[in-house]
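These are my notes from a first look through a new structure.

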Amino acid sequence: MSKKSFRQAINEALRQEMRRDPRVILMGEDVAGGRGGTSGVKDAWGGVLGVTKGLLTEFGEDRVLDTPISEASYIGAAAGAAATGLRPVAELMFVDFVGCCLDQIMNQAAKFRYMFGGKARTPLVIRAMYGAGFNAAAQHSQALYPLFTHIPGLKVVVPSSPYEAKGLLIEAIRDDDPVIFLENKVMYDDEEDVPDDPYTIPFGEANLTREGDDVTIVAFGRMVKFANEAADRLAKDGISCTVIDPRTTSPLDTGTILDCVTDTGRLVIVDESSPRCNLATDVAALVAEEAFDALKAPIRRVCPPHTPVPFATVLENLYVPSVEKIEAAVRAVASYRVKEEA
Amino acid sequence: MSGTIIPVTMPKFGLAMTEGKLASWSVKPGETVKAGQELADIETSKITNGYESPAEGILRRHVAEAGEMLPVGALIGVLADDAASDDDIDAFIKKFRDEFSSGEESEAGSAEPQRRVIEAGDLKLSVLESGVDHDGVPVLLIHGFGGDLTNWILNQPALAEKRKVIAFDLPGHGESTKEVGDGSPVTFAATIGKLIEALALNRVHVVGHSLGGAIALELAALKGDAVASLTLIDPAGLGQDINMAFIGGFIEADRRKTLEPVIGYLVHDKSLVTRAMVENIIRFKRLDGVVKGLKTIAQTCFHDGKQAFGLRPVLEAFRGPVQVLWGEDDEILSVSGADGLPESVTVIRYPGTGHMPQLEKASEVNKAVSAFLDKAEAK
Amino acid sequence: MQIARDILLSSYRSMRTIREFEERLHVEFATGEIPGFVHLYCGEEASGVGVCSHLTEKDTIASTHRGHGHCIAKGVGVDGMMAEIYGRQTGVCRGKGGSMHIADLSLGMLGANGIVGGGPPLICGAALSHKILKDGAVAIAFYGDGASNEGSTLESLNLATVWNIPAVFVVEDNGYGEATGSSYACAGNQKDRAAGFGMPYFECDGNDFFAVYQAAGEAISHARNGNGPAMLHVHLARWYGHFEGDAMTYRADNEVAKLRAEHDCLVNFRKRVTEAGLLDASALNDLDTAVKSEIDAAVAAAKAAPLPDEADLLKDVYVSY
């Protein structure tokens, strides 16, 4: 057990799985970097933010494959390799680039098993960075997990901490279905205790990071951290919150969400993705349908505005849901009282 | 002690503890307390434990409120008698806080015992050593099924005041290799034999808890000369029955809801089972190879719902001193296992205590073990 | 080039099976009993069979929306295919894929594909598997002249060369992408595209099994021997519309009639093997009869087969969920 960053946790998960299973390979743009350069330096980048650094040295060029900037071909190749005996982990760099290869994910990998009558296995992991907070603007900052969650056949993982990232990534690599694994790039330097041994965290099992009586907060990815912070602040004022980290948006642990909402009667959902048809709307619909009688207040969603992610820091800070906004939403539902009939 | 003001500070339970949460106060401001009376419940990432008053006096202030997370050594309350005025108390609090915050940095850098990895044969064992290396015989702590070296966090520091104390994770547990072989106490004992050699120890006092007690006995059978004394806490091997709901539940339960009642079997006071404790066990069980190893151990040691070994003959044959400590309300291994032991064996039964007296009755167990070891060495 | 008698016989049988299968579908589709739409491979048989005659079950192919021929050539059974096209539970995909998604990974058939340009990237992956697993196999992407303009195809040509993988890109150039002629839609030519991505280019007449067999053999050997990808450009023609029901108003009146009369790969094949004394006409006639009854039986079985039930709706979305 030692302190590891989100980046190190992911690197270690990849390394341990590549050691365990020779069929696990890595591919993507600059996952090593440096091939064809004039300096002769190999593993020049180890991923654009250094997440895969050092893997080339240990596993060689046959298993750590740099690709051309050519998402349709290599994401499709990853799907094809997965269907024919390998267990590829393909890195899409920024999830926004899915625009260049959505067919290979949505129409190919996700559909094989169903449309081939259950005969295909596609053990593919696609890793990609998501999230605002990096001044990377509209084409490098989106939180697109709802897009993938919408597609049957895909599993979607949104880890909220280094411990979660390692266990969920190893689970993803060992899973026989296509998995989209989304890493919030603002979190790469977050640190916490992470076991040195390999371990797995099952999909579809939410984690309760706080347990309280008054309000349930469902949050995804980096928003879990914000929700915890808000819950700790609110606890000082006597408002106790349950914070649910669903870990995976597909499958979604609807049982835990409904149980917690039944206990607290109040629900706030924090989702960094664009507000229309996102996970917040999905969870809100679930609770409205299945736990309506338990609700003591309207459901509140804390989401960005329905705009592209802006560039300027001041605007970006306004865009991303904040601890303060979460706190305000919780206070609003906690103090909500049904109006008496006149 | 007229006018004396005594700080009540965040205690340090275990070597790794750097901060703790004041879970609740047991005493209101203005109430008089005796030394050793429980003042508050402190929650750490591992356990919740009662905090005993360092002295007699009136609890004058709650400096920290329930729910607050504070670093070890931070002021949480103030004890004094009537002679101290409120102004004195305020001044004391201010002074303490000023000094504490300035001293915080340097303390963080102080040397703490660190885990290290020792190779015992093919296996890598995670070992935590503490205490001063006197000429005396060191103490080796062996945890039980599903446990790890942190089971001793309330005991190792106390025992280490006078002796070198070695806690370690058994194979298949904690941070050690997850390979358990056939999972039998004999196999574990053989590995410990190699650990003792690797640590270049001649003799050790062995303290074993639960399955660790059975392992301690097998170690005594295997390497009698190396075992200076045996302290067996709620040990396996002396009775027949075993609570299979615990063993099976521990292996199968994988979510907090299902695991929490299983962990409850370990203690008499169920409030000791905290979220953090359950979470740590869930995290342990997620590690590759752990569940497989636990199943192997359970299959070997507890097949057919009975303990697969009777170690009373080993105990009777052991020539060194033996002490048996047992919680009277042990729900996993019945306290009846302590009945009918040879007269030479010191037996202490703790009322209102479950399977883990070293946790539930930490200070009493620490005193009993220390006294027993002192006596053993005096002989 | 000498081709063994058993290969000649099995190739003829495959081509005849495809022809019979497709002609029968043309008839059955008109009855309205077949759901969805089908794209027929009639006229193109020599291409799929000429290529697949060089392959074993270890080799992988990816097909197109016009995939029946490739499936049969790669060994997928006509009973399961027919039942699939009829949307039956006994279909090769349990009635959940239909004509455009027939696949059998155990035979190295990575699927027909409803997305134009869907196959080439997948084949890069399959070829990578063969390279890393060192199984000596190759991966073949069949795609049309229409798909040759897809970015995914062009990216795949590049990636295959960059990775030096055993992939063969087979362009089945039937002159039309849906209702638009390739003379309009394809800039430049396939040969220069291959050259542009640094891979050897082979070209052949797709109505001539022997020409396809020869050229495919060279392209596949190139890839199988570790020399990287190759392109095989097969010139051929489809006899029916883009899909069944296509009135083909974009084609000249006599275009298809002329093709059938002068460029039938089966007629060409029979003529060649009988004239050269390689096979007897009677042996071929026997195969024709056998194939006809096989297709009759497949249709009858498909019509009689159970429909998928409600449980099938939710099954096999994931391996586990």
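**Annotated spans**

I then looked up the UniProt record, an unreviewed entry, which lists residues 4-190 of chain A as "domain: Transketolase-like pyrimidine-binding". I note here that I am working with a predicted model.

**Contacts between chains**

Next I asked which chains touch. Chain B and chain C do not touch, and I noted 17 Å between their nearest C-alpha atoms.

I took the pair A and C first. Chain A brings 45 residues to this contact and chain C brings 39. I have about 3,400 Å² down as the area buried between chain C and chain A. Carbon and sulfur atoms give 65% of that area. On the chain C side, I listed C:Trp163, C:Tyr318 and C:Val319 as losing the most area to chain A, together 17% of what that side buries.

I then turned to chain A and chain B. Here 22 residues of chain A are in contact with 14 residues of chain B. I noted a buried area of about 1,400 Å² between chain A and chain B, with 31% of it on carbon and sulfur atoms. In chain A, the residues that lose the most area to chain B are A:Tyr163, A:Asp197 and A:Glu205, together 33% of what that side buries.

**One residue in chain A**

I picked out A:Asp232 and asked where it sits. A:Asp232 is in helix H8 of chain A, which covers residues 222-236. Is A:Asp232 buried, partly exposed or exposed? I put A:Asp232 down as partly exposed because its relative accessibility is 38%. I also checked A:Arg210, which is 22 residues from A:Asp232 along the chain. The C-alpha atoms of A:Asp232 and A:Arg210 are 8.9 Å apart.

**Cavities**

I searched the whole structure for cavities of 30 Å³ or more and found 3. The largest cavity holds about 50 Å³ of space. I found residues of chain A and chain C in its lining, including A:Arg113, A:Asp176, A:Asp177, C:Val317 and C:Val319. C:Val319 is also among the residues of chain C that lose the most area to chain A. By class, I counted 6 nonpolar, 2 polar and 4 charged residues around the largest cavity.

**The second largest pocket**

I ended with the second largest pocket, which holds about 670 Å³ of space. Its lining has 27 residues, and I noted B:Asn49, B:Gly50, B:Glu52, B:Ala362 and B:Ser363 as those nearest its centre. Which helix gives the most to this lining? I found that H11(B) does, with 5 residues. Among the other elements of chain B that supply at least two residues each are strand E4 (38-43), strand E5 (48-52) and helix H10 (357-360). I sorted the lining of the second largest pocket into 9 nonpolar, 8 polar and 10 charged residues.

Terms used: Residues are numbered from 1 along each chain as its sequence is written. Chains are lettered from A and ligands numbered from 1 in the order in which they are written. This is a predicted model: local features need pLDDT of at least 70, side-chain atom pairs count only at pLDDT 80 or more; totals for chains, interfaces and linings use all residues. Side-chain values use heavy atoms; hydrogens and water are left out. On a 1 Å grid over the protein atoms alone, a cavity is a set of points where a 1.4 Å probe fits but cannot get out, and a pocket is an open set with protein on both sides within 12 Å along at least five of seven lines; lining residues have an atom within 4 Å of a point. Grid points are joined across faces, edges and corners, and a volume is the space filled by probe spheres set on the points. Ala, Val, Leu, Ile, Met, Phe, Trp, Tyr, Cys and Pro count as nonpolar, Asp, Glu, Lys and Arg as charged, and the others, Gly among them, as polar. Helices (H or I, at least four residues) and strands (E, at least two) are DSSP runs, numbered from the N terminus. Buried means under 20% relative accessible area, exposed over 50%, partly exposed in between (1.4 Å probe, protein chains only). UniProt positions are given in the numbering used here, feature names are shortened, and annotations may be inferred rather than shown by experiment. Contact means heavy atoms within 4.5 Å. Buried area is the accessible area (1.4 Å probe) that two parts lose on being put together, summed over both.
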